Amino acid sequence: MLTGLLHTHSLLRYILLIFILLSIFKSLSGWFGKKPYLPGDKKVALFTLISAHLQLVVGLILYFVSPTVQVGLANMGEAMKNPALRFWSVEHISMMIIAIALITVGYSSAKRGKDDITKHKRVAIFFLLALIVIFMAIPWPWASEAIRRGWMPG
Ligand code: HEM
């Protein structure tokens, strides 16, 4: 189960990154080009929201079945001194939850925006902030040796 979940979680990262980049590109060009907020713009933002929430669900399950997290949670004091245990038990989950909250707030506040430029602006700002946080919390192959993972689990 752990392997299947890790593969799903790892793959979903790319889907989420594609949708969030597309949303940011569309909303920045809508904002600066003073374009209407079209149903297509809303749809891409919605797909970003859905993939972020799916990632949250898979991540939460992983959190409770991951042997690394269990070691970290069993002794938080020691885990804080170990970069890998600290990353998986505390840093990854908290940064990703912040990012997903930013996406959620961005999407729903855009819906309530009084005009199209406000909607574009809200998606652009909130999603860009979320992207920065997500990018920092992914265990990329170039991250420190303690936390780095491959492009795909294996
Ligand atoms: C934007 C959201 C997220 C992204 C892009 C993301 C990305 C990743 C990636 C790339 C991995 C490494 C997979 C591999 O081994 O190849 C991973 C592992 C993991 N993630 Fe996430 N994640 C996200 C959100 C979350 C959340 C919200 C949680 C917890 C609630 C979480 C918990 C975990 C756990 C427990 C692992 C595996 C630790 C282990 O190997 O034992 N993730 N994540």
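**Notebook: cavity, pocket and ion pairs**

I began with the largest cavity and noted that helices H1, H2 and H6 each give at least two residues to its lining. Helices here are DSSP runs (H or I, at least four residues; strands are E, at least two), numbered from the N terminus. The model is predicted, so I kept the limits in view: local features need pLDDT of at least 70, side-chain atom pairs count only at pLDDT 80 or more, and totals for chains, interfaces and linings use all residues. Residues are numbered from 1 along each chain as its sequence is written, and side-chain values use heavy atoms, with hydrogens and water left out.

**Cavity**

I searched the whole structure and found 1 cavity of 30 Å³ or more. A cavity is a set of points on a 1 Å grid over the protein atoms alone where a 1.4 Å probe fits but cannot get out; lining residues have an atom within 4 Å of a point. The largest cavity has a volume of about 40 Å³ (the space filled by probe spheres set on the points, which are joined across faces, edges and corners). I listed its lining as Ser23, Lys26, Ser27, Tyr37, Asp41, Ala45, His120 and Val123. H1 supplies the largest share of this lining, 3 residues. By type I counted 3 nonpolar, 3 polar and 2 charged residues (nonpolar: Ala, Val, Leu, Ile, Met, Phe, Trp, Tyr, Cys, Pro; charged: Asp, Glu, Lys, Arg; polar: the others, Gly among them).

**Salt bridges**

Lys26 lies in H1 and Asp41 in H2, so the pair ties together parts that are 15 residues apart in sequence. Asp41 is buried at 11% relative accessible area, whereas Lys26 is partly exposed at 28% (buried is under 20%, exposed over 50%, partly exposed in between; 1.4 Å probe, protein chains only).

The structure holds 4 salt bridges, and I checked two others. Glu91 and Arg86 meet at 2.9 Å, N to O. Glu91 is partly exposed at 28% relative accessibility, and Arg86 is partly exposed at 27%. Asp115 pairs with Lys114, with the closest N and O atoms 3.7 Å apart. Here Asp115 is partly exposed at 32% and Lys114 is exposed at 74%.

I then turned to the largest pocket, which has a volume of about 750 Å³ (a pocket is an open set with protein on both sides within 12 Å along at least five of seven lines). Its lining has 32 residues, and the closest to its centre are Leu6, His9, Leu62, Trp88 and His92. H1 (2–32), H2 (39–65), H3 (67–74) and H5 (83–111) each give two or more residues to the lining. H1 gives the largest share, 8 residues. I sorted the lining into 19 nonpolar, 11 polar and 2 charged residues.

**Loop and whole chain**

I stopped at Lys34, in the loop between H1 and H2. Its phi is near 50°, a positive value in a residue other than glycine. Lys34 is exposed at 68% relative accessibility.

For the overall record, I noted 6 helices and 0 strands. The C-alpha trace spans about 50 × 30 × 25 Å along its principal axes. Of the 154 residues, 39% count as buried.

Key. Salt bridge = Lys/Arg side-chain N within 4 Å of Asp/Glu carboxyl O.
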